[in-house]
Amino acid sequence: MSGHHHDHDDHVHDHEHDNQYSDMQARVKALETLLTEKGLIDPAAIDAIVDTYETKIGPRNGARVVAKAWSDPDFADWLRRDATAAIASLGYAGRQGEHMRAVFNTVETHNLVVCTLCSCYPWSVLGLPPVWYKAPAYRSRAVIDPRGVLAEFGVSLPDEMGIRVWDSTAELRYLVVPLRPAGSEGLDEERLADLVTRDSMIGTGLALSPEVS
């Protein structure tokens, strides 16, 4: 890799500095503030709902897709050939998930997803996009220094392992199928889904081992 240096503190600062509200976000925030002041909504409740959809309900759909691919070779082959149809067969389709491609991690290659132009993201299988995914710092550095970005997320890969970066667009979005962790043999699909995290399906994380899930 190049000698480019960017420590974790700078990374966080860039995310916070660059992640300004869009016009729509500002309007929503203003409305939320007004309703809160009138006592009509509880900000904590809204935060809990958003967190549920961002980290639990949405990503659980994708986790079930990955778990089925791990346990069913025919489905995995279908997912490689036509991810949109394979995912839709499980009932996960709709807005932001109309055109999907699944990319499979191997012992030689790790896949990482970014959207360099905006924040295209497969809502139907991953729920709401995390704030950092939309931040300019991630969108630029994931392409320039993917190994460094992964290290900041706690993912240290062997030097000999290649990293392939996929750029999502309005026409095509990606789902990373992480490597199935050792020790997961014999687990049913529901239990396997527990090992799949949102970040592992973006490429900024790995699947959990059965011992720590």
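Trainee: Hi! What does the secondary structure of the protein chain come to?
Mentor: Hello! In this predicted model, the chain has 11 helices and 4 strands.

Trainee: And what percentage of the residues count as buried?
Mentor: Of the 213 residues, 40% count as buried. As for contacts between residues at least 6 apart in sequence, 68% of them join residues at least 24 apart.

Trainee: Let's look at the core. Which residues have the most contacts inside the largest nonpolar core?
Mentor: That core has 46 residues, and those with the most contacts inside it are Trp70, Leu79, Ile87, Tyr133, Tyr138 and Ile202. Helix H3, residues 43–71, gives the largest share of this core, with 6 residues.

Trainee: Say I click on Trp70. What is it in contact with, leaving aside neighbours within four places in sequence?
Mentor: Trp70 then contacts Val177, Pro178, Leu179, Arg180 and Pro181, along with Leu192, Leu195, Val196 and Ala207.

Trainee: Why would residues three or four places apart point the same way?
Mentor: An α-helix has 3.6 residues a turn, so residues with that spacing point the same way.

Trainee: What goes on at the start of H4?
Mentor: A side-chain oxygen of Asp72 reaches to within 3.1 Å of the backbone nitrogen of Asp74. Asp72 also meets Lys68 in a salt bridge between their side chains, at 3.7 Å from N to O. Asp72 itself is partly exposed, with a relative accessible area of 23%.

Trainee: How many salt bridges does a search of the whole structure find?
Mentor: The search finds 10. One of them joins the side chains of Asp145 and Arg141, at 3.6 Å from N to O.

Trainee: Is Asp145 buried or exposed?
Mentor: Asp145 is buried, at 11% relative accessible area, and Arg141 counts as buried as well, at 6%.

Trainee: Which residues are linked in a network of salt bridges?
Mentor: Arg60, Arg64, Glu190, Arg191 and Asp194 are. Within it, the closest N and O atoms of Arg191 and Asp194 are 3.9 Å apart. Arg191 counts as partly exposed at 28%, and Asp194 is partly exposed at 35%.

Trainee: Last one. Where does Phe153 lie?
Mentor: Phe153 lies in the loop between helix H9 (146–152) and strand E3 (162–167), and it counts as partly exposed at 25% relative accessibility.

Trainee: What does Phe153 touch, not counting residues up to four places away in sequence?
Mentor: Phe153 touches Trp132, Tyr138, Asp199 and Thr204. Phe153 and Thr204 are 51 residues apart along the chain, yet their C-alpha atoms are separated by 6.3 Å.

Definitions and conventions:
Residues numbered from 1 in each chain as written. Predicted model: local features only at pLDDT ≥ 70, side-chain atom pairs only at ≥ 80, totals over all residues. Heavy atoms only, no water. Polar contact = N/O pair within 3.5 Å; in protein donor to acceptor, adjacent residues only side chain to side chain. Helix = DSSP H or I, 4+ residues; strand = E, 2+ residues; numbered from the N terminus. Core = buried A, V, L, I, M, F, W, Y, C linked by side-chain atoms within 4.5 Å. Buried < 20%, exposed > 50% of the residue type's maximum accessible area, 1.4 Å probe, protein only. Contact = heavy atoms within 4.5 Å. Salt bridge = Lys/Arg side-chain N within 4 Å of Asp/Glu carboxyl O.
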